[in-house]
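Student: I have a structure to go through and have not seen it before. Can we take it piece by piece?

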Amino acid sequence: MFEAKVTIGLKKGITDPEGATTLKSLHLLGFDTVKEVRSQKTFLIKMDENDEKKARKKVEEMCQKLLTNPVIHSYTVDMKRV
Amino acid sequence: MKKEEIRVAVLRIEGTNCEQESFDAFARLGVKPEFVHLKRLLGIDCTKEECRDIFDYHCLMIPGGFSAGDYVRAGAIFAARMKSMLKDKLAEYVKEGYPIIGVCNGFQVLIELGLLPGIDEVISEYPKACLMTNDSNRFECRPTLLKHENNGNCVFTGKIKKGEIRLIPSAHTEGKLMFPIDEQKRYVKMLEENDQIVFKYVNPKGEYAGYPWNPNGSVSNIAGICNLEGNVFGMMPHPERVFYRHQHPDWTRTGKLDEPGDGRDVFESVVEHLIKRF
């Protein structure tokens, strides 16, 4: 079994309204040293696979077919045997 | 084709919530709409009698709402389910010239499906555009003014003159149309050249203006686009919510009570088109 940790964020240059709103609120709460907040989303995906390469390839496909929109998102995949 | 013969599928999955108004808009024009849950097109969890084929209908409508709770991304789950089994059939449907309209969440589904912008292929493998979170990071819900920009390509706006301004309400959080960041200008130019831009947000003077007239920060103020052939159309604002004049916020002041609402022509145009074409 493998567990894939897929972390999805916005590509460089794309505004992140959620990050910007969070930054504003953190400043209001007094965290005035905060300079930037970028939001990300994480999926933990358990797969019944033995071969890491194969499993990773499938996760990449999942990212392209559903988990991300390539127009705005970039992502990283970390594989862990569980 | 006679008007009474036209069958329209108003598609739903869990979380769709504008299907009734969408159904009513077609029903009031004398065509035959039907609520069709997506599983009936996919043949999953339904009896043989309940199963339907997209070719049973002359037009598909994907209404607004929060399909599948907007999980993953707005419209992504609806699109993934449709694409899983219907991709080739949908492409065939569009190539045959049958019209598809997506409003609000439905527009998001069409973008995620790759049916829009539909510039160089009928349905793309991956999305070529995105309806991203509004610049305000809020749910923007109010009447918006739309200028009709199309020169006659889009089958859903044939009855609206170019340059006309219509009041159609918006209600969305993810409506900012974007193309790949370093190619936005090229995409917009292509859409213009192909007559694929249908509506743009304007201020009361008819000028392209920023927030709040453009509720989401959409590139080039775009509110609605169609595919290259003009038979797949998506827009963020809701034409089905202004079918009658009394649905306009100013209906007591304008004295136009007997006139149709500003969104009605979207439905009338496609019905007229279907009568002529098929």
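Student: Why is strand S9 of chain B largely enclosed by the rest of the structure?
Tutor: Because 4 of the 5 residues of S9(B), residues 197–201, are buried. A residue is buried if 20 or more other C-beta atoms, placed from the backbone, lie within 10 Å of its own; 12 or fewer make it exposed, and anything in between partly exposed. Helices (H or I, at least four residues) and strands (E, at least two) are DSSP runs numbered from the N terminus.

Student: Before we go on, what kind of model is it, and how are things numbered?
Tutor: It is a predicted model: local features need pLDDT of at least 70, side-chain atom pairs count only at pLDDT 80 or more, and totals for chains, interfaces and linings use all residues. Residues are numbered from 1 along each chain as its sequence is written, while chains are lettered from A and ligands numbered from 1 in the order in which they are written.

Student: Which strands does S9(B) pair with?
Tutor: Strand S6 (residues 140–148) of chain B runs antiparallel to S9(B), joined by 3 bridges. S9(B) also pairs with strand S10 (residues 222–226) of chain B, in the antiparallel sense over 3 bridges. Two strands pair if DSSP finds at least two bridges between them.

Student: And what are the bridge partners of Lys200(B)?
Tutor: Lys147(B) has Lys200(B) as its bridge partner in S9(B), and in S10(B) the partner of Lys200(B) is Ile222(B).

Student: Switching to chain A: what order do the strands of its open sheet take?
Tutor: The order is S2-S1-S3, with antiparallel pairing. The edge strands are S2 (40–47) and S3 (73–81), each pairing on one side only.

Student: What packs on that sheet?
Tutor: Helix H2 (residues 52–67) of chain A does, touching S1, S2 and S3. Its direction makes about 35° with that of S1(A); axes are lines fitted to C-alpha atoms, for helices over the stretch in contact, and angles run from 0 to 180 degrees between N-to-C directions. Two residues are in contact if their C-beta atoms, placed from the backbone, lie within 7 Å.

Student: How many residues of the two chains are in contact with each other?
Tutor: 18 residues of chain B are in contact with 16 residues of chain A. On the side of chain B that touches chain A, strand S5 (130–133) of chain B gives the most, with 3 residues.
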